Amino acid sequence: MKAFCAIQSSEFSSIFPGTFSITRSRPTFPDKLFFCQAKFAESRVDGSLSLRVVSPTLLAAEKEEAKAVLTLFLKKQGLSKAVAARIINKSDLFIDHLVSRLHSVHKSRYLVGRELTTLEIRDALIPYLETLHEEYGNILVELVENFPNAPAKERPVAQVSSSHPTVDSKKLKAVSRVSEAGPEGGLRPQVLYLKELGMDLEQIKLITRRFPAFAYYSLEGKIKPVVEFLLDLGVPKSDIPIILTKRPQLCGISLSENLIPTMVFLEELGVDKAQWAKVIYRFPALLTFSRQKLMSTVDFLCEMGLSGESIGKILTRCPNITSYSVEDKLRPAAEYFRSLGVDIPVLLHRCPQCLGLSIEANLKPVTEFFIERGFSMEEIGTMLSRYGALYTFSLKENLIPKWEFFLTMDYDRSELVKFPQYFSYSLEERIKPRYARVKESGVTVLLNQVLSLSGRDFDKTLNKKIKKMLSEKSSTDSNCKE
């Protein structure tokens, strides 16, 4: 296995315990294994990349973010930090592919010059890497290093040491069921139906590996009723493959006994029934959670001082908050933010996903960053209350470079306290070019006006200030002559 040649034998045995022998079979590399087909940014199986809008600087930053996510993922699989670093140094094409996937998932964000947060990048890439790990298992590293070339899959010829042989057998049977011809010849009806919805066979196989029961769902009894129900709710047909990929278990839920009653229950909690299509697309797992789990989140939000109306809005806008453990994530994060003087109800209303961040890995480093640059705890609390997403940005790729550029601008540090959203705008696409125009014009424009105004309104504001400056100068010159 080429990918593991660089790993010391002791590391290898610690990662993959047990002895086994393998022979190699060279499978056909599926043309649509990587289904990043966005018009905005395309990553093709041959490894070529089309990124037509993103600036080189932002692209470089996103590559570093993708490397960080991949490093974290590899370490979770048991690899040491040094080994993960060596792998990533050989994986430029795969990193490009991950960045392209970000653009596919979040293309609308780039069109308005808004950068992704670290949390958004992680949430987009980790599930995808987990799916690939389900597909390739121990040879995922070889796939990463040799992308887009197909890795040779391992075929055991002796007994493989496995802690879950029954689970592996079930997965193989399930994949065979969706891949091979049915009793009447040709693919099974449910597979053909899913293909009509826009799913390719490789995508269906990936889902089945993650959730083998999916292969046994009947078309008329389970899959079709749920799909038609989603379509009736206003979910676009193009979103169905994404929803089923995220949560195939939806098709195993009874509409009358579980799914619809859960939706009614959530509506009673304040979820906007007119927004169900968006809610389900954002987080389809919401409909598969027990009432007890949902109520634990709601009870916590009530405890934090939120009204029923606010809770409904949060569940509608950020349904994945229900996936966070109250005791392990939400409560500790809330206590940490409260120690900074942050108004928790305001923070939850503006950026509920902040409470899903790690205190040690995400929150404390950002706090220390601002303290080291002279901001008081009160100012940090104010900034957070005004822009909760501030803590979701990467230090290395976002906060530090933008702070360094801010130091070259003719603004007092207090402007960042007033407008912390500064850190959400693209440095190369928005901040630098607009500030250059302000600087060239010789006028003074508030920081929030420089960045938050639309292109047309920014031009109007700048021209108005230039005319005013010229008028005042002309008036002063006339007075001097008199």
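Let me start with helix α4: its buried residues are Phe-94, Ile-95, Asp-96, His-97, Leu-98, Val-99, Ser-100, Arg-101, Leu-102 and His-103. Buried here means under 20% relative accessible area; exposed means over 50%, and partly exposed lies in between, with a 1.4 Å probe and protein chains only. Helices are DSSP runs of H or I with at least four residues, numbered from the N terminus.

Before going on, the ground rules. This is a predicted model, where local features need pLDDT of at least 70, side-chain atom pairs count only at pLDDT 80 or more, and totals for chains, interfaces and linings use all residues. Residues are numbered from 1 along each chain as its sequence is written, and side-chain values use heavy atoms, with hydrogens and water left out.

Back to α4. It covers residues 92-105, which is 14 residues. From first C-alpha to last it reaches 20 Å, close to the 20 Å expected at 1.5 Å a residue. That expected span is 1.5 Å times one less than the number of residues. The helix is mostly covered, with 10 of its 14 residues buried.

Next, the empty space inside. Rolling a probe the size of a water molecule over the atoms shows where empty space is left. How many cavities of 30 Å³ or more does a search of the whole structure find? It finds 2. A cavity is a set of points, on a 1 Å grid over the protein atoms alone, where a 1.4 Å probe fits but cannot get out; lining residues have an atom within 4 Å of a point. Grid points are joined across faces, edges and corners, and the volume is the space filled by probe spheres set on the points.

The largest cavity has a volume of about 80 Å³. Two elements give two or more residues to its lining: α2 (56-76) and α21 (395-406). Helix α2 gives the most, with 4 residues. By class, that is 4 nonpolar, 2 polar and 4 charged residues. For the classes, Ala, Val, Leu, Ile, Met, Phe, Trp, Tyr, Cys and Pro are nonpolar; Asp, Glu, Lys and Arg are charged; the others, Gly among them, are polar.

The second largest cavity holds about 30 Å³ of space. Its lining divides into 7 nonpolar, 1 polar and no charged residues. Those residues are Val-178, Gln-190, Val-191, Leu-194, Ile-204, Phe-214, Ala-215 and Ile-223. Helix α9 (residues 189-196) gives the largest share, 3 residues.

Stay with Val-178 for a moment. It sits in helix α8 (residues 165-179). Why does Val-178 count as buried? Because its relative accessible area is 4%.

Now the rings. The structure holds 16 aromatic pairs. Rings of Phe, Tyr and Trp (its six-membered ring) pair if their centres lie within 6.5 Å; planes under 30 degrees apart count as stacked, over 60 as edge-to-face, and the rest as tilted. One of the pairs is Phe-370 with Phe-423, edge-to-face, 5.9 Å centre to centre and 80° between the planes. This pair links distant parts of the chain, 53 residues apart: Phe-370 is in helix α19 (residues 359-372), and Phe-423 is in the loop between α22 (414-418) and α23 (427-441). Both Phe-370 and Phe-423 are buried.

Another edge-to-face pair is Phe-405 with Tyr-435, at 6.3 Å centre to centre and 90° between the planes. Here helix α21 supplies Phe-405 and helix α23 supplies Tyr-435, 30 residues apart. Both of these are buried too.

Which residues do ring pairs link into a cluster? They are Phe-369, Phe-370, Phe-375, Trp-403, Phe-406, Tyr-422 and Phe-423.

Some rings also have a charge over the face. The test is NZ of Lys or CZ of Arg within 6 Å of the ring centre and within 35 degrees of the ring normal. Arg-413 lies over Phe-375, 5.0 Å from the ring centre. Arg-434 lies over Phe-458, at 4.6 Å.

Two last residues. Val-417, in helix α22, is buried because its relative accessible area is 11%. Lys-465, in helix α25 (residues 455-481), is partly exposed, with a relative accessible area of 30%. Lys-465 and Ser-441 are 24 residues apart in sequence and 9.1 Å apart in space, C-alpha to C-alpha.

Technical notes
On a 1 Å grid over the protein atoms alone, a cavity is a set of points where a 1.4 Å probe fits but cannot get out, and a pocket is an open set with protein on both sides within 12 Å along at least five of seven lines; lining residues have an atom within 4 Å of a point.
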